[in-house]
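Me: I would like to go through this model step by step. Could we begin with the strands and then move on to the surface and the core?

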Amino acid sequence: MVNFVKGSGGVPTSFVQDCSSKAHSCCNSFVFQDSTINKSSSTKYLGLIIDDKLSWEEHTKDLCNSLVKYTGIFYQLKGLLPKKTALHIYYAFVFSKLRYAVEIYGTAKASILRPVQVLQNKLLKLLTGKPRHHPTKLLYHEYNLFMLCDIHFYCMCQIIYRYCNNMLPNSISSAIFPLCNSVHNRPTSVSTRNKDLFIVSHHNTPHGRLLLNNYCYRLWQDIPPDVKLSKSLNIFQNRLKHYIRNK
């Protein structure tokens, strides 16, 4: 995979190449329209930092840096805020940052996401005035909030529901589920129950495991049938929230 970074006038100035596979040759630069384009290990595009390993480690580090600055401020507010106000501040300054592009960076390894989760726990405990060793799961249950992995799961399942119920524009559906929408690809494993049609392709690498059709298929199988059969997106969202909080 090669991602170009455009400079002034729309001319690429650098590029990020996925060099995680030995089969891919990596070059340091090349010439395009009389301009030398240099290789970069990462680039920021629409607020998302894409690295050359697609590990999302650089993005999670940047996310932590943007959240850690609130630690001192929230510490000064510890125990002073009513529940409603604390939640408003959490959603405005913490959740909004976690939520952005979580469908993408949320697929990173658990070891890469762990610092973000630790910081989310810490900030929430400061805002709610809870002691440091207060049980984390109990904290999220008390305030009806989701941990980072649950936020990712919730957002991804909404996309899958829209896809299965033909609620996505064809251009978007074919872009994010290319194998499922192509007549030239024969499925190796297909589930048609509740319209949850996904083509599970064979893979030998971690990147193959995270192909959207493979990844979404696994997520969708974890959802109870009564949630999948929801007649509207609003009902699906409510049932999915209930399922996540009680699983």
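Predicted model: local features only at pLDDT ≥ 70, side-chain atom pairs only at ≥ 80, totals over all residues.

Me: Which residue is the bridge partner of serine 42 in β6?

Reply: Serine 42 has aspartate 51 as its bridge partner in β6.

Me: How many residues lie between β5 and β6 in the hairpin?

Reply: Two residues separate β5 and β6 in the hairpin. Leucine 46, in the turn, has a positive phi of about 50°. Glycine 47 also belongs to the loop between β5 and β6.

Me: Where is tyrosine 100 found?

Reply: Tyrosine 100 sits in the loop that links α3 (83-99) and α4 (102-105). This residue is classed as partly exposed because its relative accessibility is 44%.

Me: Which residues form a nonpolar patch with Tyr100?

Reply: Tyr45 and Leu46 form a nonpolar surface patch with Tyr100. Together the three have about 380 Å² of accessible area.

Me: Now the other end of β6. What about serine 55, where does it lie?

Reply: Serine 55 is in the loop between β6 (48-51) and α1 (57-68). Apart from neighbours within four places in sequence, serine 55 is in contact with Ala108 and Ile112. Its C-alpha atom is separated by 8.1 Å from that of isoleucine 112, which is 57 residues away along the chain.

Me: Changing topic: how many residues does the largest nonpolar core have?

Reply: The largest nonpolar core has 55 residues. Those with the most contacts inside it are Phe74, Leu98, Tyr105, Ile223, Phe236 and Leu240. Helix α7 (residues 148-164) supplies the largest share of this core, 11 residues.

Me: Take isoleucine 223, then. What does it touch, not counting residues up to four places away in sequence?

Reply: On that basis, isoleucine 223 touches Phe153, Cys157, Lys228, Phe236 and Leu240. Phe236 and Leu240 are also among the core residues with the most contacts inside it.

Key: Residues numbered from 1 in each chain as written. Heavy atoms only, no water. Patch = residues over 30% accessible without salt bridge, like charges linked within 9 Å, V, L, I, M, F, W, Y side chains within 5 Å. Areas by Shrake-Rupley, 256 points an atom, 1.4 Å probe, with all protein chains shown as cover. Salt bridge = Lys/Arg side-chain N within 4 Å of Asp/Glu carboxyl O. Helix = DSSP H or I, 4+ residues; strand = E, 2+ residues; numbered from the N terminus. Buried < 20%, exposed > 50% of the residue type's maximum accessible area, 1.4 Å probe, protein only. Contact = heavy atoms within 4.5 Å. Pairing = 2+ DSSP bridges. Core = buried A, V, L, I, M, F, W, Y, C linked by side-chain atoms within 4.5 Å.
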